Amino acid sequence: MKIEKDRVVRFHYTVAEAGQEPVESSRDRGEPLAILFGHGNIIPGLEKAMDGRETGDSFKADVKAEDAYGERREGLTQRVPKKHFGNQRLTAGMQVVLNTNFGPRAVTVQKIGMSVVDVDLNHPMAGKDLQFDIEIVEVREASAEEVEHGHVHGDGGHHH
């Protein structure tokens with residue numbers, strides 16, 4: 001079965017900044033990632049590289065920054081009250097996840113004050129060309145409920 005819109009795809013990935021050592025791998029968690037294809041659940045460049053592939057395919061994909069997490073935007077910073085970080089011990093350069101009105105967001109700590117923290121809102125991988133190693137583990141039809149909800153349920157997916 002080929003990968004196309006409204007199909008569930010389970011895959012292993014390893015990602016690295018172009019020419020660098022890997023920074024993340026699904027194999028470290030032991031479980032492949034499961035996504036509902038064609039619903040913006042992964043970066044556009046990777047979705048394009050996966051389109052039409054099948055179970056068992058292994059391939060490399062080079063994804064330019066503009067098709068990954070976008071270009072880095074200067075001045076995209078915000079001052080956040082320290083209480084929003086809970087009891088975390090913060091250091092400059094540290095990446096943390098903040099809960100925002102729009103859901104969780106990865107930020108990078110720039111400066112820590114007495115009561116506020118300056119953070120960079122750019123995604124940590126913004127402005128970087130990425131290299132992926134992909135292994136397609138499974139492709140299946142999505143259920144009507146998965147399509148309606150816009151995400152995978154069950155094995156490797158969302159549990160309600």
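The following conversation goes through a predicted model and asks what stands behind the words used to describe it.

User: What are the elements of the protein, and in what order do they run?

Analyst: The protein has two helices and nine strands, and from the N terminus on these elements run β-β-β-α-β-β-β-β-β-β-α. Along its principal axes the C-alpha trace spans about 55 × 40 × 25 Å, and buried residues make up 36% of the 160 residues.

User: Why is Glu-146 called buried?

Analyst: A residue counts as buried when its relative accessible area is under 20%, and Glu-146 has 2% relative accessibility, so the word buried applies to Glu-146. This residue is found in helix H2, which covers residues 144–149.

User: What makes the pairing of the Glu-146 side chain with that of Arg-140 a polar contact?

Analyst: The term asks for a pair of N or O atoms within 3.5 Å, one able to donate a hydrogen and the other to accept it. The side chains of Glu-146 and Arg-140 make such a contact at 2.9 Å.

User: Is Ser-26 buried or exposed, and where does Ser-26 lie?

Analyst: Ser-26 lies in the loop between S2 and strand S3, the latter being residues 33–36.

User: Why is Asp-6 called partly exposed?

Analyst: The term covers values between the limit for buried, under 20%, and the limit for exposed, over 50%. Asp-6 has a relative accessible area of 25%, and is therefore partly exposed. Asp-6 is found in the segment before S1.

User: What is the phi of Asp-6, and what makes it worth a remark?

Analyst: Asp-6 has a positive phi of about 70 degrees, although it is not a glycine. Most residues other than glycine have a negative phi.

User: What makes S6 and S7 a pair of strands?

Analyst: Two strands pair if at least two bridges are found between them, and S6 and strand S7 (residues 103–112) are joined over six bridges in the antiparallel sense. Leu-98 has Arg-105 in S7 as its bridge partner, while Gln-95 stands opposite Thr-108 in S7. The two strands form a hairpin, with two residues between them.

User: Why do S5 and S6 stand at the edges of the sheet?

Analyst: Four strands form an open sheet in the order S5-S8-S7-S6, with antiparallel pairing. S5 and S6 each have a single partner strand, so one side of each is left without a neighbour in the sheet. From one strand to the next the twist averages 50 degrees.

User: Which strands and residues line the second largest pocket, and how are its residues classed?

Analyst: The second largest pocket holds about 270 Å³ of space. Strands S5 (77–81) and S6 (95–100) each supply at least two residues of its lining, and S5 gives the most, with four residues. Among the lining residues are Leu-98 and Arg-105, which are also bridge partners.

User: Which residues lie nearest the centre of the largest pocket, and which strands supply its lining?

Analyst: The largest pocket has a volume of about 330 Å³ and is lined by 15 residues, of which Tyr-13, Val-15, Glu-24, Tyr-69 and Phe-132 lie nearest its centre. Strands S1 (7–17), S2 (22–25) and S9 (130–141) each supply at least two residues of the lining, and the largest share, three residues, comes from S1. By class, this lining has 12 nonpolar, one polar and two charged residues.

Technical notes
Residues are numbered from 1 along each chain as its sequence is written. This is a predicted model: local features need pLDDT of at least 70, side-chain atom pairs count only at pLDDT 80 or more; totals for chains, interfaces and linings use all residues. Side-chain values use heavy atoms; hydrogens and water are left out. On a 1 Å grid over the protein atoms alone, a cavity is a set of points where a 1.4 Å probe fits but cannot get out, and a pocket is an open set with protein on both sides within 12 Å along at least five of seven lines; lining residues have an atom within 4 Å of a point. Grid points are joined across faces, edges and corners, and a volume is the space filled by probe spheres set on the points. Ala, Val, Leu, Ile, Met, Phe, Trp, Tyr, Cys and Pro count as nonpolar, Asp, Glu, Lys and Arg as charged, and the others, Gly among them, as polar. Axes are lines fitted to C-alpha atoms, for helices over the stretch in contact, and angles run from 0 to 180 degrees between N-to-C directions. Buried means under 20% relative accessible area, exposed over 50%, partly exposed in between (1.4 Å probe, protein chains only).
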